[in-house]
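Colleague: Could you pick one part of this model and take me through it closely? I'd be glad to hear the surroundings too, with the cut-offs spelled out.

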Protein chains: 2
Amino acid sequence: MNYAQRRLQLRKLVPQGDILILSATHVPRNYPAEIYPFHQDSTFRYFTGLNEPDAALMILADGTEKLYVSAPDPGDVIWTGPVPSPRELADLASIEGIADYRKLANDIGKSTLWIEPYDFQLKLRLSEWTGLPVSDLPKHASRELGRGIIALRSIKDDAEIAQIESAIALTRRMIANARAAIEPGKLESDIVAALLAPAIAKERDQAFNPIVTTHGETLHNETYHHRIESGDMVLIDCGSESELGYCADITRTFPAGDVFSDRQQMLYDAVLRAQLAGIEQTGIVGTTQYDVHMAACRALTAALQDIGLMKGNIEDSLIQGAHALFMPHGIGHMLGLDAHDMENYGDDVGYAPGTKRSTQFGLDALRLARRLEPGFVITVEPGCYFIPELIDRWAAKKHLADFIRYDELEKYRDCRGIRIEDDILITAQGSRVLGPGIEK
Amino acid sequence: MNYAQRRLQLRKLVPQGDILILSATHVPRNYPAEIYPFHQDSTFRYFTGLNEPDAALMILADGTEKLYVSAPDPGDVIWTGPVPSPRELADLASIEGIADYRKLANDIGKSTLWIEPYDFQLKLRLSEWTGLPVSDLPKHASRELGRGIIALRSIKDDAEIAQIESAIALTRRMIANARAAIEPGKLESDIVAALLAPAIAKERDQAFNPIVTTHGETLHNETYHHRIESGDMVLIDCGSESELGYCADITRTFPAGDVFSDRQQMLYDAVLRAQLAGIEQTGIVGTTQYDVHMAACRALTAALQDIGLMKGNIEDSLIQGAHALFMPHGIGHMLGLDAHDMENYGDDVGYAPGTKRSTQFGLDALRLARRLEPGFVITVEPGCYFIPELIDRWAAKKHLADFIRYDELEKYRDCRGIRIEDDILITAQGSRVLGPGIEK
């Protein structure tokens, strides 16, 4: 679908009211003029293709469309060079009407539908435009509009799949570059430099701050100061964006030297077994992502029983969530213009109407549980972690001791973390791992 | 001065009221959990050395000090690993009192002094804590506190100079790496990859989004998509941060091939002459940065007269700002924990009490004009640009035609832009170009 078709579809899904979609703004870092690199709002980009800050799309109740932008200040030409006119921008997005962003407030009324911005400057602006206090924005945001956007953005067409695959292809080069740089004595940050170079050379943003760590057991480790020691593993979780802003999200875990130790190899094989079981489950037509999660966790539990770290009836163990000691996160999430696609729309993305996220430890971090439909792109990313603080907390209470061999586990507490992740397209017949193969 | 001494000095400069200084926050990029890399507020870092988000320093009227932080959530350990306790953080900053950031509002009263945050989330929080609308924050911010902070941060001690010089040393490596990568056929972004690699490998942020462009005439060109052609020049304006967050800010302009063309060489020499004249002026005890600006512009005017692009009485030309056609920006700014150091404090940084920024085109962009004092670190960064839109605008009006040879200028309109920039320390006896020499 082109941008105009997407807007038409949205208008059909949300037939009443004026629909307002805001672009991102420049975000100050040290002071107003020192900004973070601009990153467009994914929904605005999805419906317009434009990469402009401080713009807005209005789809009126009668189906007409307006693009709100600020006319360039002629004095700015010395700082910015020539920039496209409002008309040129609107033409790029096939939008007929143009209007002044600074007068947008005049066109916002009680029947205007909008979603709550995650950007704080936009929260403030919307508060000013609507007369609502910032704290009241969530309850006036249109859940119906959010659901319409989710319905469209969830189903990726061929052009979007091609974008994701091009992001994965670049990510594969990044990971190959990084892997070639891994050697004992270097810092994690040395590997980050190798990882990012191919993306910077193509002027591609990262889909998220990459994880490059010898301490994979810290799930969101975004610092890079450890020195790589012989015998370490290096976990790399990263993804480039494509030209149009679509994301890759890939994880690989490598030995610091040529090969894993025997114990690392056993644990790696356990995670790989879990990942392959998860991917296999994605191919079952009509499966839910909850079932994908459970399939992977079942395989992980079985593998950890083989290793001697778990025990007992596998189904009981699964239902009680014993594996969450080793894998306290969900199996994966939607992927698209965001790494956690549409996460700002809340659990309507991952949970069907009437269903709720579990509060069980581990499952409480499962972002996506619903039935998988053709066109969904999701990640499958099981891991196995030895988190000393978590082990100690569970061991002290002998938590789920019917399923965990705490005595044996003590010998593994310094094993850190392993994760393997790929991006999967759900098709009418099954599923397909996206992108060129990446060694695992 | 250590952090405790800095706070003591601030308390002496601002003797009344409780002083509140806020740390930066995590800034959402795609959704609340997908954030830009964290960047600390420079003033909070200056007075505490801490790199924590969501913290605050209070220096009470009686001189006692409190650090507000949030106690870590035990559940977060799986995501973040072990983190320092509030007591450990306060000890790092030599602060005696600790308190809960979530209860900070209770300790904010009418006599609390604060500066207006540039971060929009902090604007909102401060509005909530003080009961003031966000739009009223500027008029309730303490200009006295701002001036006290400026007075301290403006004078760099030896340890700060060492930090800036280490940032410059790394920046020199970045520029050498980039220069070695320049060749016709490559993209600007290829050069960016080479430029950033040494900084990423040391886990150092950039002081600002680097400029790497074959179109130096666009002053703030932060895209990198041009292909480098034979005969181009590549302008690189960049700076790494040091370990403690101090900035370098260096500009060099290189030929795409081995040598400049004759015309490029003439223009380059004109800019170099202007830069050396500016640097020489910084060495005159008691000079103002306004005089540094004028010294550089005088030399540039003389050089452009020699080339045949300008004419007439040099002092008249200077006073009327004819050179601003070629150099529409100021000669430089303060440098420290920010690239434009303390720019969020407004013109109190660069202009003495009772003086105002000129409205003349060119001078209106001069961020720093005041008397230079020992311990100031400033940039000297003249340039010469051929901005087609600006040339056309002036030529159409024959603006300042007594000083500009518009007929001759027409032949140069595709010459683009050159800039040369170094960082200068003002000393008691004169001034010193900081860092290892960088070829120019």
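Modeller: Chain A has 14 helices and 15 strands (DSSP runs numbered from the N terminus: H or I of at least four residues for helices, E of at least two for strands). The model is predicted, with local features needing pLDDT of at least 70 and side-chain atom pairs pLDDT 80 or more, while totals for chains, interfaces and linings use all residues. Residues are numbered from 1 along each chain as its sequence is written, chains are lettered from A and ligands numbered from 1 in the order in which they are written.

Chain A has an average pLDDT of 96, and 100% of the residues score at least 70 (pLDDT is the predictor's confidence in each residue, from 0 to 100). For the complex, the predictor gives an ipTM of 0.95 and a pTM of 0.96. The C-alpha trace of chain A spans about 70 × 50 × 40 Å along its principal axes.

The part I'd pick is an open sheet of three strands in chain B, ordered β11-β14-β15 with antiparallel pairing (two strands pair if DSSP finds at least two bridges between them). β11 (377–380) and β15 (431–433) of chain B each have a single partner strand, so one side of each is left without a neighbour in the sheet. On average, neighbouring strands here are turned by 35 degrees against each other, direction ignored (axes are lines fitted to C-alpha atoms, for helices over the stretch in contact, with angles from 0 to 180 degrees between N-to-C directions). Three bridges join β14 (residues 422–426) of chain B to β15(B) in the antiparallel sense, and B:Ile424 has B:Val433 of β15(B) as its bridge partner. Helix α10 (residues 262–282) of chain B packs on this sheet and touches β11, β14 and β15 of chain B (contact means C-beta atoms, placed from the backbone, within 7 Å). The direction of α10 makes about 155 degrees with that of β11(B).

For contrast, chain B also holds an open sheet of five strands with mixed pairing, in the order β6-β5-β4-β1-β7. Its edge strands, β6 (97–100) and β7 (112–113) of chain B, each pair on one side only. Strand β1 (residues 18–22) of chain B runs parallel to β7(B), joined by two bridges; one partner pair is B:Asp18 with B:Thr112.

Now the surroundings. Chain A superposes on chain B by a rotation of 180 degrees with 0.0 Å of shift along its axis, RMSD 0.0 Å (least squares on the C-alpha atoms of residues with pLDDT of at least 70 in both copies). That is the relation of a two-fold axis. A:Phe120 is the residue of chain A that comes closest to the axis, its C-alpha at 2.7 Å.

The contact takes 52 residues from chain A and 52 residues from chain B. On the chain A side, elements giving two or more residues are β2 (28–31), α3 (77–80), α5 (120–130), α9 (188–201) and α13 (388–397). Helix α9(A) gives the largest share, eight residues. Finally, 100% of the interface residues of chain A are also interface residues in chain B, so the copies meet through the same surface.

Note on methods
Contact = placed C-beta atoms within 7 Å.
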